[in-house]
Amino acid sequence: SGYSECYVESVNIEKDTITTSLIQTITYSGSNLDSAYSVNWCLDKSRNKIVAIIYQDSSTVKFLVFEKPSTAEKIVALSDNDIENTFTTKDVSVLQASDIFDGKLFVTDGYSNGFLKVFSLSDGTLINSISLSPISTYEPEGLCIYNNKLYINFHQKNDIECILYELKFIN
């Protein structure tokens, strides 16, 4: 079986100082990681779930949904028995970043030919695939949803500078 860890941190912002502290370590050991290349973890606040997004190869991404453990538990060990739902997609070629909003999983996919892909967390259906090429020719590496807005970081010229873009949700 494979193995993955998710670190849960508390972030404190005071004036110009940001401090973080580790409050929980979640581990998952199970057969779904046997051929895993990488794993992203996301919090689904609205449904109180965590999702492991497993990039297995350039044609397969698997999503595992777990109940979110209480942060009172400092060390949490998850196994295949704890999986509430799982689905697989062939609609992601290069998994970059992910976040969850309103029961939907948002994933940046690709290199300079990047896409924003939106999946239903109830059944894994691809809801939308949006080309990011009109916005930037750089690689989409980061993704964050905050105050009902989606922010995407693009990697620029192999350095650490990123450009931040904002897309407004249209209902």
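1. The largest pocket of this structure, which is a predicted model, has a lining of 27 residues, and among these C42, L43, K45, D99 and I100 are the ones that lie nearest its centre. The elements that each contribute two or more residues to this lining are strand 1 (2–14), strand 2 (17–30), strand 3 (38–44), strand 8 (95–101) and strand 12 (139–146). About 690 Å³ of space lies within the largest pocket. Sorted by class, its lining consists of 15 nonpolar, 7 polar and 5 charged residues. Rolling a probe the size of a water molecule over the atoms is a way to show where empty space is left.

2. The protein chain has 171 residues, of which 42% count as buried.

3. W41 deserves a careful look, and its place is in strand 3. Is W41 buried or exposed? W41 counts as buried because its relative accessibility is 18%, and the cut-off for buried is under 20%. Leaving aside neighbours within four places in sequence, W41 is in contact with S4, E5, C6, Y28, I50, V51, A52 and F66. With one of these residues, S4, the side chain of W41 also forms a polar contact of 3.1 Å. W41 and D99 stand 58 residues apart along the chain, while their C-alpha atoms are separated by 8.8 Å.

4. K49 belongs to strand 4 (residues 49–57), and it counts as buried because its relative accessibility is 15%. Which side chain makes a polar contact with the side chain of K49? The partner is the side chain of E67, and the contact is 2.8 Å. Not counting residues up to four places away in sequence, K49 touches C42, L43, D44, V65, F66, E67, K68 and E84.

5. On the cysteines, a student may recall that a disulfide is a covalent bond between the sulfur atoms of two cysteines. How many disulfides does the count come to? The count comes to 0 disulfides. C6 is in no disulfide, for the nearest cysteine sulfur, which is that of C42, is 9.2 Å away, whereas a disulfide would require the two sulfur atoms to be within 2.5 Å. C6 is buried, because its relative accessible area is 15%, while C144, at 37% relative accessibility, counts as partly exposed.

6. K15 lies in the loop between strand 1 and strand 2, and its phi is near 50 degrees, a positive value in a residue other than glycine. K15 is exposed, because its relative accessible area is 85%, and the cut-off for exposed is over 50%. D102, which is found in the loop between strand 8 and strand 9 (104–109), has a positive phi of about 55 degrees although D102 is not a glycine. With a relative accessibility of 53%, D102 counts as exposed.

Key
Residues numbered from 1 in each chain as written. Predicted model: local features only at pLDDT ≥ 70, side-chain atom pairs only at ≥ 80, totals over all residues. Heavy atoms only, no water. 1 Å grid on protein atoms, 1.4 Å probe; cavity = no way out; pocket = protein on both sides within 12 Å on 5 of 7 lines; lining within 4 Å. Points joined across faces, edges and corners; volume = space filled by probe spheres on them. Helix = DSSP H or I, 4+ residues; strand = E, 2+ residues; numbered from the N terminus. Nonpolar A, V, L, I, M, F, W, Y, C, P; charged D, E, K, R; others polar. Buried < 20%, exposed > 50% of the residue type's maximum accessible area, 1.4 Å probe, protein only. Polar contact = N/O pair within 3.5 Å; in protein donor to acceptor, adjacent residues only side chain to side chain. Contact = heavy atoms within 4.5 Å.
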